[in-house]
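Q: I have the sequence and the model open. Can we go through some local details?
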Amino acid sequence: MKVMKPIQVYRGQYLESSHSIHVAVVDKDGRLLYFYGDPERMTFPRSSMKPFQAIPLIETGAADSFSYDNAEIAIACASHAGESFHQETILRLLERLGIQEDDLQCGTHTPWNLERYKELLRKGKDVTPVYSNCSGKHAGMLAAAIHMKEDIATYREVEHPHQQRILEAIETICDFPKEKIKLSVDGCGVPVHQLPLYNAALGYARLANPDSIKSVNRIDIVKRIRDSMMEFPEMVGGTNRFDTDLMKAYKGRIVSKAGAEAVQCMGLIQEGIGIAIKVEDGGTRAVNVAAMEVLNQLGYKEENLFTNLARYVHAPVLNARKEKIGEIRANFHLEEALSRGK
């Protein structure tokens with residue numbers, strides 16, 4: 001018998017493609033509540049780790065030293081779309097740090113916001129590092145290195161003291177020994193951390209409700225990061241971006257951050273629950289549909305909000321004329337975990 005995969009892509013009424021997924025739903029005390037697929041799958045959460053990578057920015061005192069406001073804390077956690085307000089925020093930060101745009105070692109890519117890219121083309125300008133979706137994270141890393149009087153030319157190397165601080169923060173928040181965390185290189189050139197999906201979800205449970213974190217000082221830091229992301233969701237993503245739209249819709253109730261290769265992590269504030277999702281083949285078109293279905297099954301379906309987020313619930317398949325000729329649907333049920341707490 002043919003087994004249907006959990007995310008299905010229809011052209012008209014006919015199934016054309018499908019995607020496998022893995023899901024872990026964990027509470028702040030480390031209990032695995034629900035799962036789909038393999039909740040222990042070793043995964044690079046990619047940019048979903050940015051809120052934890054921002055912890056040393058605050059913990060070193062750099063954020064306060066350079067007068068970071070909440071919008072700037074949010075953009076340190078961002079995969080932003082390169083819109084004008086993102087660019088302006090990063091440039092203001094660089095000016096306060098006393099460094100140049102060339103000091104950002106994140107590389108360049110075209111802005112994800114198409115209108116911003118068209119504007120650049122009309123003006124005959126080229127993209128620069130500030131347009132990188134990771135420029136806020138890199139600015140934060142530089143801020144900490146400058147504040148700690150460390151070498152800024154090597155700030156993205158794994159041996160750099162700041163990257164070691166980030167590794168320790170991820171170890172602690174996600175409760176996974178750093179000697180077991182596998183390291184590689186992210187798209188923007190900094191270290192990227194591989195750990196079980198379960199532990200990424202646990203990290204987001206603690207981001208949602210940091211009270212179980214042992215360090216009182218770090219509890220306040222994580223709350224500051226979480227609240228900044230929810231206060232300025234447009235800084236985290238941008239126009240027509242899932243993280244931004246979700247946090248705006250569920251104002252003060254969900255903190256959300258996507259990662260490359262079809263990762264999505266979310267924290268449910270009131271419940272202290274973390275969710276981590278990985279689409280097996282890296283198909284980004286599947287991940288938002290999966291995320292909305294997980295929220296649905298966890299009791300977060302509110303008709304008015306789901307209507308406003310309809311393009312993520314059943315993502316449309318469009319042709320070159322922007323006509324809807326199919327849709328992407330979820331077809332899975334979370335399994336309840338039995339005695340799988342850590």
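Q: Which residue stands opposite Ile254 in S9?
A: Leu268 stands opposite Ile254. Helices and strands here are DSSP runs, numbered from the N terminus, with at least four residues (H or I) for a helix and at least two (E) for a strand. The model is predicted, so local features need pLDDT of at least 70 and side-chain atom pairs count only at pLDDT 80 or more, while totals for chains, interfaces and linings use all residues. Residues are numbered from 1 along each chain as its sequence is written, and side-chain values use heavy atoms, with hydrogens and water left out.

Q: How many bridges join S8 to S9?
A: Six bridges join S8 to strand S9 (residues 263-268), and the two run antiparallel. Two strands count as paired if DSSP finds at least two bridges between them.

Q: What packs on the sheet there, touching S8 and S9?
A: H12 does, with its direction at about 175° to that of S8. Contact means heavy atoms within 4.5 Å. Axes are lines fitted to C-alpha atoms, for helices over the stretch in contact, and angles run from 0 to 180 degrees between N-to-C directions.

Q: And what is the strand order of the open sheet formed by six strands?
A: The order is S8-S9-S10-S3-S4-S13, with antiparallel pairing. S8 and strand S13 (335-336) are at the edges with a single partner strand each, so one side of each has no neighbour in the sheet.

Q: S3 is in that order. Where does Asp27 lie?
A: Asp27 lies in strand S3, which covers residues 21-27.

Q: Buried or exposed, and why?
A: Asp27 counts as buried because its relative accessibility is 8%. Buried means under 20% relative accessible area, exposed over 50%, and partly exposed in between, using a 1.4 Å probe and protein chains only.

Q: Which side chain does Asp27 join in a polar contact of 2.8 Å?
A: The side chain of Arg31. The side chain of Asp27 also reaches the backbone nitrogen of Asp29 at 3.0 Å. A polar contact is a pair of N or O atoms within 3.5 Å; within protein, one must be able to donate a hydrogen and the other to accept it, and residues adjacent in sequence count only if both atoms are side-chain atoms.

Q: Which residues does Asp27 touch, not counting those up to four places away in sequence?
A: Leu33, Leu202, Ala205, Gly272 and Ile273.

Q: OK, the open sheet of three strands. What is the order?
A: S5-S7-S6, paired antiparallel. S5 and S6 are the edge strands, each pairing on one side only.

Q: How many bridges between S5 and S7?
A: Two bridges, in the antiparallel sense, with strand S7 covering residues 191-196. Thr43 has Leu195 in S7 as its bridge partner.

Q: Which helix packs on the sheet touching S6 and S7?
A: H8, whose direction makes about 15° with that of S7. Helix H9 (residues 197-208) also packs on the sheet, where it touches S5 and S7 at about 105° to the direction of S7.

Q: Switching to rings. How many aromatic pairs?
A: The count is four aromatic pairs. Phe242 and Tyr312 are edge-to-face because their ring centres are 5.0 Å apart and their planes are at 85°. Rings of Phe, Tyr and Trp (its six-membered ring) pair if their centres lie within 6.5 Å; planes under 30 degrees apart count as stacked, over 60 as edge-to-face and the rest as tilted.

Q: What about Tyr250 and Tyr300?
A: They form a tilted aromatic pair, 5.7 Å centre to centre with 40° between the planes. Tyr250 and Tyr300 are both buried.

Q: Last one: which residue other than glycine has phi near 55°, a positive value?
A: Asp175 has it. Asp175 is in the loop between helix H8 (161-174) and strand S6 (182-185), and counts as partly exposed at 46% relative accessibility.
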